[in-house]
Amino acid sequence: MELARVIALVAATITTGLSAGLFYAYACSVMPGLRGTEDRTFIDVMQRINVAILNGWFLFGFVGALLCTGVAVALHLPSDGQHVLPAVVAALVCYTAALVVTRKINIPLNDALAAAGEPGRIPDPAAVRGRFEARWVRWNVARALLCTAALGCLCWALVLHGDATG
């Protein structure tokens, strides 16, 4: 049981770190890099990114973090693993909140951007961008912070686990 707990905590930490890093990279490089581009270029690039990101590597971290953290919670429910449980539950709550933000805000914004159509044919690309960019960026930062908090909780859980076994 102890080995399974450690494996689940490490897997949860790694996959959550991948998601936190992804959202962080958008917040500090991708979106600032696109800020100065022309409206049609911005829309074209974001439409392409939103299609390209839906791949196995992304899903490994994005879905894996939820699954691995959930498994870690379940494995730490027995009384001999409960010293780590509050930190792992906190991580699960933070990560779930990031998923809610993604589902309720970022994905609908991505879908609206896709529905705008071919960037070269959009009559008012500034309006399309205006409905997307600031709100998407703001909520991406929230996702980055929530995932980073989840990562911190999982790191703390690993410390607690090590203290209890070491």
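Student: What does the secondary structure of the chain come to?
Tutor: In this predicted model, the chain has five helices and zero strands. From the N terminus on, the elements run α-α-α-α-α.

Student: What box do the C-alpha atoms fill?
Tutor: Taken along the principal axes, the box is roughly 65 × 25 × 20 Å.

Student: And how much of the chain counts as buried?
Tutor: Of its 166 residues, 38% count as buried. As for contacts with a separation of 6 or more, 83% join residues 24 or more positions apart.

Student: Turning to packing, at what angle do α1 and α3 cross?
Tutor: Helix α1 (residues 2-35) and helix α3 (residues 56-75) cross at roughly 145 degrees, and their axes come within 7 Å. The crossing is left-handed.

Student: Which residues make that contact?
Tutor: On α1 they include A4, A8, L9, A12, L22 and F23, while α3 contributes, among others, F58, F62, A65, C68 and L75. By class, the contact has 16 nonpolar, six polar and one charged residues.

Student: How many aromatic pairs are found in the whole structure?
Tutor: The search finds six. One of the aromatic pairs is formed by Y26 and W136, with 5.5 Å centre to centre and 55 degrees between the planes, a tilted arrangement.

Student: Which parts does that pair tie together?
Tutor: Y26 lies in helix α1 and W136 in helix α5 (residues 125-165), so the pair ties together parts that are 110 residues apart in sequence.

Student: Why does Y26 count as buried?
Tutor: The cut-off for buried is under 20% relative accessible area, and Y26 has 9%, so Y26 is buried. W136 is buried as well, with a relative accessible area of 3%.

Student: What about F62 and Y95, how is that pair arranged?
Tutor: F62 and Y95 are edge-to-face, with 6.5 Å centre to centre and 65 degrees between the planes. This pair links distant parts of the chain, with F62 in helix α3 and Y95 in helix α4 (residues 85-115), 33 residues apart.

Student: Are those two residues buried or exposed?
Tutor: F62 is buried, with a relative accessible area of 14%, and Y95 is buried, with 1%. Ring pairs also link F62 and Y95 with F23 and F58 into a cluster.

Student: Changing topic, where is the place of T102?
Tutor: T102 is in helix α4. The residue is buried, with a relative accessible area of 5%.

Student: And what is T102 in contact with?
Tutor: Leaving aside neighbours within four places in sequence, T102 is in contact with F23, F62, I107, P108 and R143.

Student: How many residues has the largest nonpolar core?
Tutor: The largest nonpolar core has 26 residues, and those with the most contacts inside it are L9, F62, V88, Y95, C147, L154 and A157. At least two residues of this core come from each of α1, α3, α4 and α5. The largest share, eight residues, comes from α4.

Student: What does L9 touch?
Tutor: Not counting residues up to four places away in sequence, L9 touches A72, H76, V84, V88, L154, A157, L158 and H161.

Methods:
Residues are numbered from 1 along each chain as its sequence is written. This is a predicted model: local features need pLDDT of at least 70, side-chain atom pairs count only at pLDDT 80 or more; totals for chains, interfaces and linings use all residues. Side-chain values use heavy atoms; hydrogens and water are left out. Axes are lines fitted to C-alpha atoms, for helices over the stretch in contact, and angles run from 0 to 180 degrees between N-to-C directions. Helices (H or I, at least four residues) and strands (E, at least two) are DSSP runs, numbered from the N terminus. A crossing is left-handed if the near helix is turned anticlockwise from the far one by less than a right angle, and right-handed if clockwise. Contact means heavy atoms within 4.5 Å. Ala, Val, Leu, Ile, Met, Phe, Trp, Tyr, Cys and Pro count as nonpolar, Asp, Glu, Lys and Arg as charged, and the others, Gly among them, as polar. Rings of Phe, Tyr and Trp (its six-membered ring) pair if their centres lie within 6.5 Å; planes under 30 degrees apart count as stacked, over 60 as edge-to-face and the rest as tilted. Buried means under 20% relative accessible area, exposed over 50%, partly exposed in between (1.4 Å probe, protein chains only). A nonpolar core is a set of buried Ala, Val, Leu, Ile, Met, Phe, Trp, Tyr and Cys residues joined through side-chain atoms within 4.5 Å.
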